[in-house]
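User: I've got a model open on my screen and would like to talk it through. Can you take my questions one at a time?

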Amino acid sequence: MTHRTTPPPRICPNCDGHASAAITLGGRDAQGNRRTITAYCPACHGTGTTHRRTRSNREGARA
């Protein structure tokens with residue numbers, strides 16, 4: 001019997017799977033740590049993958 005594997009997640013085409021980045025603002029705070037912010041990919045919202053579209057999602061809700 002063959003072993004069924006789950007398909008690999010679809011990588012976000014906008015960020016290539018690197019969904020977040022730490023960006024330095026320059027300078028340091030009072031404790032000497034660098035000031036950073038985290039920027040997330042707007043397309044995948046920081047997950048790095050795209051969601052599979054099912055038939056019901058493509059066709060919309062039916063009454």
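Predicted model: local features only at pLDDT ≥ 70, side-chain atom pairs only at ≥ 80, totals over all residues.

User: How far is Ala 22 from Ala 39 in space, C-alpha to C-alpha?
Analyst: Along the sequence, Ala 22 and Ala 39 are 17 residues apart. In space, their C-alpha atoms are separated by 6.4 Å.

User: Let's zoom out: in what order do the elements run from the N terminus?
Analyst: The protein has four strands and one helix. Starting at the N terminus, the order is β-β-β-β-α.

User: Which element has the lowest confidence?
Analyst: Overall, the mean pLDDT is 81, with 79% of residues at 70 or more. Strand β3 (residues 34–40) has the highest confidence, at a mean of 94. Over residues 54–58, though, pLDDT is below 50, and that stretch has two contacts beyond near neighbours in sequence. The lowest mean, 49, belongs to helix α1 (residues 55–59).

User: Which residues make up the largest nonpolar core?
Analyst: Buried residues are 10% of the 63 in the protein. The largest nonpolar core has five members, and here they are: Cys 12, Cys 15, Ala 19, Cys 41 and Cys 44.

User: Which residues does Ala 19 touch, leaving out those up to four places away in sequence?
Analyst: Ala 19 belongs to that largest nonpolar core. Two of the core cysteines, Cys 41 and Cys 44, are on its contact list.

User: On the outside, how much accessible area does the nonpolar patch have?
Analyst: The protein exposes about 5,900 Å², and 50% of that comes from carbon and sulfur atoms. Ile 37, which is in strand β3, counts as partly exposed at 42% relative accessibility. Ile 37 forms the surface patch with Ile 23 and Leu 25, and together the accessible area is about 250 Å².

User: What is the phi of Asp 16?
Analyst: Most residues other than glycine have a negative phi. Asp 16 lies in the loop between β1 (10–11) and β2, and it is exposed at 58% relative accessible area. Asp 16 isn't a glycine, yet its phi is positive, at about 55°.

User: What about the phi of His 45?
Analyst: His 45 is in the loop between β3 and β4 (49–50). With a relative accessible area of 67%, His 45 is exposed. It's not a glycine either, and its phi is positive, at about 60°.

User: Last one: which residues does Gly 27 touch, again skipping those up to four places away in sequence?
Analyst: Gly 27 lies in strand β2 (residues 20–28). Its relative accessible area is 46%, so Gly 27 is partly exposed. Its contacts are Asn 33, Arg 34 and Arg 35.

Key. Residues numbered from 1 in each chain as written. Heavy atoms only, no water. Core = buried A, V, L, I, M, F, W, Y, C linked by side-chain atoms within 4.5 Å. Buried < 20%, exposed > 50% of the residue type's maximum accessible area, 1.4 Å probe, protein only. Contact = heavy atoms within 4.5 Å. pLDDT = per-residue confidence, 0-100. Helix = DSSP H or I, 4+ residues; strand = E, 2+ residues; numbered from the N terminus. Patch = residues over 30% accessible without salt bridge, like charges linked within 9 Å, V, L, I, M, F, W, Y side chains within 5 Å. Areas by Shrake-Rupley, 256 points an atom, 1.4 Å probe, with all protein chains shown as cover. Salt bridge = Lys/Arg side-chain N within 4 Å of Asp/Glu carboxyl O.
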